[in-house]
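Subject: Structure handover

Hi,

Here is the structure I promised to pass on. My notes follow below it.

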Amino acid sequence: MSAPIFASVFGAAWTDLPPALRKHYANRPFTRDRVTVTGRLDIRMGWLMRRIAPLIGALGMLTPADGAAVPCTVQFLSEADSAAFIFERRFLFPGRKPYVFRSRLVRKRGSRVVEYMACGVGWDCEYSFADGEVRLRHRGYVWRWFGADLPIGWLATPLLGRGEAVERATGEDAFAMSMRLGGGLFGDALTYAYAGRFTVTEMAADG
């Protein structure tokens with residue numbers, strides 16, 4: 001049986017992850033593994049993101065709305081023909097149709113991972129585990145173009161700012177997480193953020 005995709009990302013720290021986080025990252029490459037988590041998120045948008053929310057939704061980037069305690073189901077998926085780690089998020093905003101935000105995480109080298117959105121824009125970040133937390137450290141932005149990653153930090157960083165995220169186990173099957181985009185041309189101003197708690201509700205291994 002192959003090792004999980006993220007075992008190579010975390011390296012020696014993989015075995016230090018608490019059970020809830022190992023379940024979160026349990027998907028193996030070249031399989032149809034599926035892990036499902038459910039929870040609620042508090043989502044906040046800065047003034048710029050509020051103004052371009054329709055464009056955000058059309059491009060399949062982040063969410064086109066904000067709100068408190070928004071119900072969210074996330075499926076972590078593997079693909080039979082790749083080593084990608086898929087995030088498929090389903091948000092239930094009050095008074096709106098369910099919104100699905102899907103992205104593909106691909107390990108590049110060492111602990112570096114790029115998360116590609118539907119439009120081809122990718123967030124380059126570095127994963128680590130320390131003091132009981134998984135931390136995602138900003139490394140830049142890229143645009144996937146004919147199989148190549150073109151750096152676009154010169155354009156995206158002033159608009160979106162720099163990203164950071166943290167995940168921490170809160171139980172055997174539960175974890176809390178938060179993500180924030182901020183900075184850029186607007187100093188420390190918030191661009192976009194969400195935070196919430198999730199519980200692992202299904203683990204379906206392919207073989």
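Strand β7 (residues 133-145) pairs with strand β9 (residues 162-169), antiparallel, over 5 bridges. Please keep in mind that this is a predicted model. Glu 133 has Arg 168 as its bridge partner in β9. β9 also pairs with strand β10 (residues 174-182), again in the antiparallel sense, over 8 bridges. There, Ala 165 stands opposite Met 179 of β10. A hairpin of 4 residues connects β9 to β10.

Next, two residues of β7.

His 138 sits in strand β7. Its relative accessible area is 5%, so His 138 counts as buried, the cut-off being under 20%. The His 138 side chain reaches two backbone nitrogens: that of Gly 163 at 3.0 Å and that of Gly 140 at 3.4 Å. Leaving out residues up to four places away in sequence, His 138 touches Trp 123, Asp 124, Thr 157, Gly 161, Arg 162 and Gly 163.

Trp 143 is in strand β7 as well. Trp 143 is partly exposed, at 33% relative accessible area. With Trp 145, Phe 146 and Leu 150, Trp 143 makes a nonpolar surface patch of about 460 Å².

Now the salt bridges. The structure holds 14. Here are some of them.

- Glu 202 with Arg 34: the closest N and O atoms are 2.6 Å apart. Glu 202 lies in strand β11 (residues 190-204) and Arg 34 in strand β1 (residues 34-45), so this pair ties together parts that are 168 residues apart in sequence. Glu 202 is partly exposed at 29% relative accessible area, and Arg 34 is partly exposed at 28%.

- Arg 50 with Asp 66: the closest N and O atoms are 2.6 Å apart. Arg 50 belongs to helix α3 (residues 47-51), Asp 66 to the loop between α4 (53-59) and β2 (67-78), so the bridge ties together parts 16 residues apart in sequence. Arg 50 is partly exposed at 48% relative accessibility. Asp 66 is also partly exposed, at 24%.

- Glu 115 with Arg 89: the side chains meet at 2.8 Å, N to O. The pair links distant parts of the chain, with Glu 115 in strand β5 (residues 112-116) and Arg 89 in strand β3 (residues 85-91), 26 residues apart. Glu 115 is buried, with a relative accessible area of 11%. Arg 89 is buried too, at 6%.

- Asp 131, Glu 133, Arg 135 and Arg 168: salt bridges that share partners join these residues into one network.

Best wishes

Conventions:
Residues numbered from 1 in each chain as written. Predicted model: local features only at pLDDT ≥ 70, side-chain atom pairs only at ≥ 80, totals over all residues. Heavy atoms only, no water. Pairing = 2+ DSSP bridges. Patch = residues over 30% accessible without salt bridge, like charges linked within 9 Å, V, L, I, M, F, W, Y side chains within 5 Å. Areas by Shrake-Rupley, 256 points an atom, 1.4 Å probe, with all protein chains shown as cover. Salt bridge = Lys/Arg side-chain N within 4 Å of Asp/Glu carboxyl O. Buried < 20%, exposed > 50% of the residue type's maximum accessible area, 1.4 Å probe, protein only. Polar contact = N/O pair within 3.5 Å; in protein donor to acceptor, adjacent residues only side chain to side chain. Contact = heavy atoms within 4.5 Å.
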